[in-house]
Amino acid sequence: MKAAVIVFPGSNREGDVARALELVSGSRPTLVWHADTALPAGTDLVVLPGGFSYGDYLRCGAIAARATIMEAVRAHAARGGLVLGICNGFQILCESGLLPGVLVRNARLRFICREARLRVERIDTPYTRKYAKGSIVRFPVAHGEGNYTADAETLKRLEGEGRVVFRYVTTSGQRDDEQVLNGAANSIAGIVSEKLNVLGLMPHPENHVDPLIGPTDGRALFESLAGVLERA
Amino acid sequence: MKARVLVTLKSAVLDPQGKAIEGALRSLGVHGIGSVRQGKVFDIELDVADTSKAESVLKDACEKLLANTVIESYRVEFLG
């Protein structure tokens with residue numbers, strides 16, 4: 001695995017995700033500054049980490065999505081390269097047009113910082129092959145703008161193509177669109193691109209990888225990536 | 001030349017912030033308010049002299065950055 005973690009002014013989860021990747025793959029990701037024009041040669045995974053890039057000015061992720069490095073990230077995605085966006089990274093992916101829709105203010109206006117339960121809807125993606133289909137996992141969430149919104153046509157297309165990979169569920173494991181923690185349409189927590197190579201999700205799998213601090217449900221996501229990229 | 005760009009949420013998009021402001025006004029006893037929707041205002045000084053050029057520059061600015069046209073629409077006003 002040769003991962004590049006992009007660092008924007010205001011990113012703050014780059015260390016967590018780099019640590020999770022190193023834990024499962026043994027290789028340390030390169031941190032790449034947003035003003036750079038190219039990814040390190042041979043990069044096979046790009047990660048847009050969580051945080052508050054540019055202080056969430058204008059709209060979350062809006063300014064980071066127009067950073068110089070994003071041209072190279074876009075080209076990498078167009079070649080079928082893997083791009084993972086977590087939390088602010090998901091917002092950046094939506095703002096850059098690499099994923100459809102947008103993440104708006106949580107329905108009840110509060111910043112939500114707690115553990116969420118998610119159902120893994122699909123396991124034939126490079127990000128989820130180490131999970132069991134339909135399994136319920138626990139990932140922490142920490143966001144003020146995680147309310148996934150898209151027009152009816154886009155939602156229909158996402159559902160029709162099976163591109164919702166993670167969905168919020170209640171503690172009993174049921175989907176409840178009325179009670180979903182942040183108001184997200186169809187309880188959407190994470191979606192993939194058409195070619196399954198770009199994943200954006202609001203919750204933080206990178207924070208649940210070490211038994212020292214709690215559950216390790218996030219580990220399988222990084223192990224899935226390591227497995228795919230080792231064979232490549 | 002000076003212009004003002006107004007960016008507002010499309011009418012189909014829920015605006016929880018506007019709703020909260022609406023509720024706060026009601027609780028302050030400000031009567032006669034039907035509903036509130038929050039938007040953004042950008043006051044922009046342009047380096048171009050003719051209006052049609054300015055319009056195209058501002059459209060470019062809105063489409064590329066100022067508005068997310070998935071959920072927002074924009075309007076340009078020229079200030080005297």
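Strand 6 (residues 112–120) of chain A runs antiparallel to strand 7 (residues 136–143) of chain A, and eight bridges join the two. Strands here, like helices, are DSSP runs numbered from the N terminus (E, at least two residues, for strands; H or I, at least four, for helices), and two strands pair if DSSP finds at least two bridges between them. Please keep in mind that this is a predicted model, in which local features need pLDDT of at least 70 and side-chain atom pairs count only at pLDDT 80 or more, while totals for chains, interfaces and linings use all residues. Residues are numbered from 1 along each chain as its sequence is written, and chains are lettered from A and ligands numbered from 1 in the order in which they are written.

**Chain A as a whole**
- Five helices and 11 strands make up the count for chain A.
- Its radius of gyration is 16 Å, close to the 17 Å that the globule rule gives for 232 residues, so chain A is as compact as a globular protein of that length. The radius is taken over C-alpha atoms, and the rule is 2.2 Å times the number of residues to the power 0.38.
- Of the 232 residues in chain A, 54% are buried (20 or more other C-beta atoms within 10 Å of the residue's own; exposed means 12 or fewer, partly exposed in between, with C-beta atoms placed from the backbone).
- Among chain A contacts between residues at least 6 apart in sequence, 75% join residues at least 24 apart; a contact means C-beta atoms, placed from the backbone, within 7 Å.

- Helix 2 (residues 69–78) of chain A has Ile69(A), Met70(A), Val73(A), His76(A) and Ala77(A) as its buried residues. They cover an arc of only 115° around the axis, which puts them on the same side of helix 2 of chain A; the arc is that of the directions from the helix axis to the C-beta atoms.
- Turned away from that buried side of helix 2 of chain A are the exposed residues Ala75(A) and Ala78(A).
- Just past helix 2 of chain A, Gly80(A) has a positive phi of about 95°.
- Helix 3 (residues 88–95) of chain A is mostly covered, with eight of its eight residues buried.
- The buried residues of helix 3 of chain A pack against strand 3, strand 4, strand 5 (102–104) and strand 11 of chain A.
- Gly97(A) follows helix 3 of chain A and has a positive phi, near 85°.

**Chain B sheet**
- Chain B holds an open sheet of three strands in the order 2-1-3, with antiparallel pairing.
- Strand 2 (39–45) and strand 3 (72–79) of chain B are at the edges with a single partner strand each, so one side of each is left without a neighbour in the sheet.
- Strand 1 (residues 2–9) of chain B pairs with strand 3 of chain B over eight bridges, and Lys2(B) stands opposite Leu79(B).

**Where the chains meet**
- Eight residues from chain B and 11 residues from chain A form the contact.
- Helix 1 (residues 16–27) of chain B gives the largest share of chain B's side, three residues.

Definitions and conventions
Contact = placed C-beta atoms within 7 Å.
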